[in-house]
Amino acid sequence: MEKKHLLLTIVTPEHTVLSDKPVDLVTIPAVGGEMGILPGHASFVVQLKEGVMHYKEGVHKEVFSVLNGFAEIHKDKVLIMAEAAELAKEVNEERARQAYQKARETLAMHGADIDLDAAQAALKRAAVRIKLAEIRRKHKQ
Amino acid sequence: MASLRDIRKHISSVKSIKQITYAMKMVAAARIKRAQSAILASRPFASQMDRLIEDLYGELEEGDFSASAAKALFDERHPGGIMCLVLVTADKGLCGSFNTNLLKAAASWLRENRGRKVRVVAVGRKGRDFLRRLKGLDMEISHEMVGVFPKAGYVHAQLLCDAILKLYLESPVESVTLIYNEFKSMLAQRIVTDRLLPLKRHILEKNACVRRAGEFSFEPGKSDLLGALLPRHIGAQLYRALLESQAAELAARMSAMESASKNASELIDGLTLKMNKTRQAMITTELNEIVSGSEALGS
């Protein structure tokens, strides 16, 4: 019998991370807990929380970080819509920490000319990255 | 008549202005590529999101829907409340009639809603400054966002979305209108005046029940999911508006700067001609003087 695959698609508002990539196994951080998906899974729509997502393709394994989104599983197609998704190994914890500090300082200054929105956005991003780096560390141990 | 030196000075100043406008044109041209691809990249997410909302609505029973929190976003509110305007302008000028047209559209909207209580969410420095200068209106800038262009990201749209939803849910806002420039082509922008909230029902009913009901399982419940999806739908819409406006601004700046460079070239040509004529006239007069002087001596 031919081996079945899942087709994985990850889209974020800023770009399409993966499009119809055949994989063997996907795990996603659902609100109710981690969820593993194999080919033949029932149709499902689920809300995601921030966390790590794995997929396995043969022996090759990849870890992604996702942030607040939704996943839809239908007919062996997995569609992930997240506000942000990054390859976990691309997240640099040290840089994230620095960015977090900088954003905090900018916000604390409260000057007239400071771009508060950008600082707030940077703060949010950095906080998520740090969280992801921590999650990744935990998973490695 | 202007002296030679004056004309030379004028030419060099026009030349340096031309250098600046030309550089700005090149910068805009380089950025517009990225802005356009950002628009394209945001499309899959938005369309998938819309599809999921439709599907979800198709699965919902009418009773479930009216009980859910999501319904508040669709309900028409009774007229007479606060009007809310989201105005997306550029941060910087030098982009032709881009901002002027937007501000005109905003002013006519404000005129239409004269006498009403108006709350404004201003994106872009130009719009904010314009609204601040307005006097004699019952208007308040409830949220402002400046300096996001040309690096508008989804986070900005999200912050904006949070602010608007907070305003919408906490105070008796009748409707939220969005005014922005749409990127039509490199040469044309179109001003779009769109109602953002309450949401239009047709996003739900486009082609619901394409799939059979009961096929999906949901976690958490359907109405909770819908409630979580809708703010993101608004966020995606705002993100699109930001990106469109950003691309349109760059396109407008590019064409404005191109025509400015062209005008500067023409001006330089004209001035060079004038300078040469003046110089020739000077030489002729000098020659004339010399010849007539020698003739006076020789005769």
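**Strands, helices and the contact between the chains**

Mentor: Let us begin with one pair of residues: A:M35 in β4(A) is the bridge partner of A:I28. Please keep in mind that this is a predicted model.

Trainee: How many bridges join β3(A) to β4(A), and do the strands run parallel or antiparallel?

Mentor: Five bridges join β3(A), residues 25-30, to β4(A), residues 33-37, and the two strands run antiparallel. They form a hairpin, with two residues between them.

Trainee: Which strand is joined to β3(A) by three bridges?

Mentor: That is β6(A), residues 51-57, which runs antiparallel to β3(A). Within this pairing, A:Y55 in β6(A) is the bridge partner of A:V26.

Trainee: Let us move to chain B. What is the order of the strands in the open sheet there?

Mentor: The open sheet has five strands in the order β3-β2-β1-β4-β5 of chain B, and their pairing is mixed. The edge strands are β3(B), residues 139-145, and β5(B), residues 189-197, each of which pairs on one side only. On average, neighbouring strands of this sheet are turned by 20° against each other, if direction is ignored.

Trainee: And how do β1(B) and β4(B) run, parallel or antiparallel?

Mentor: They run parallel: β1(B), residues 82-88, is joined to β4(B), residues 173-183, by six bridges. As an example, B:S175 in β4(B) stands opposite B:M83.

Trainee: Which strands does helix α3(B) lie across?

Mentor: Helix α3(B), residues 98-112, lies across β1, β2, β4 and β5 of chain B, and its direction is at about 160° to β4(B). Helix α7(B), residues 222-298, lies across β1, β4 and β5 of chain B, at about 35° to β4(B).

Trainee: At what angle do α1(B) and α7(B) cross?

Mentor: Their axes cross at roughly 160° and come within 5 Å, α1(B) being the helix of residues 4-59. Angles over 145 degrees count as roughly antiparallel, so α1(B) is roughly antiparallel to α7(B). The contact of these two helices has 36 nonpolar, ten polar and 14 charged residues. The crossing of α1(B) past α7(B) is left-handed.

Trainee: Now the contact between the chains. How many residues does it take from chain A and from chain B?

Mentor: It takes 27 residues from chain A and 27 residues from chain B. On the side of chain A, the elements that give two or more residues are β5 (44-48), β7 (60-74), β8 (77-87) and α2 (116-140). The largest share of that side, six residues, comes from α2(A). By class, the side of chain A divides into 13 nonpolar, seven polar and seven charged residues.

Trainee: Which strand of chain B pairs with β5(A)?

Mentor: β5(A) pairs with β6(B), residues 217-219, in the parallel sense over three bridges. Here A:V46 stands opposite B:E219 in β6(B).

Terms used:
Residues numbered from 1 in each chain as written. Chains lettered and ligands numbered in written order. Predicted model: local features only at pLDDT ≥ 70, side-chain atom pairs only at ≥ 80, totals over all residues. Pairing = 2+ DSSP bridges. Helix = DSSP H or I, 4+ residues; strand = E, 2+ residues; numbered from the N terminus. Axes fitted to C-alpha atoms, helices over the stretch in contact; angles between N-to-C directions. Contact = placed C-beta atoms within 7 Å. Parallel < 35°, antiparallel > 145°, perpendicular 65-115°, else oblique. Left-handed = near helix turned anticlockwise from the far one by under 90°. Nonpolar A, V, L, I, M, F, W, Y, C, P; charged D, E, K, R; others polar.
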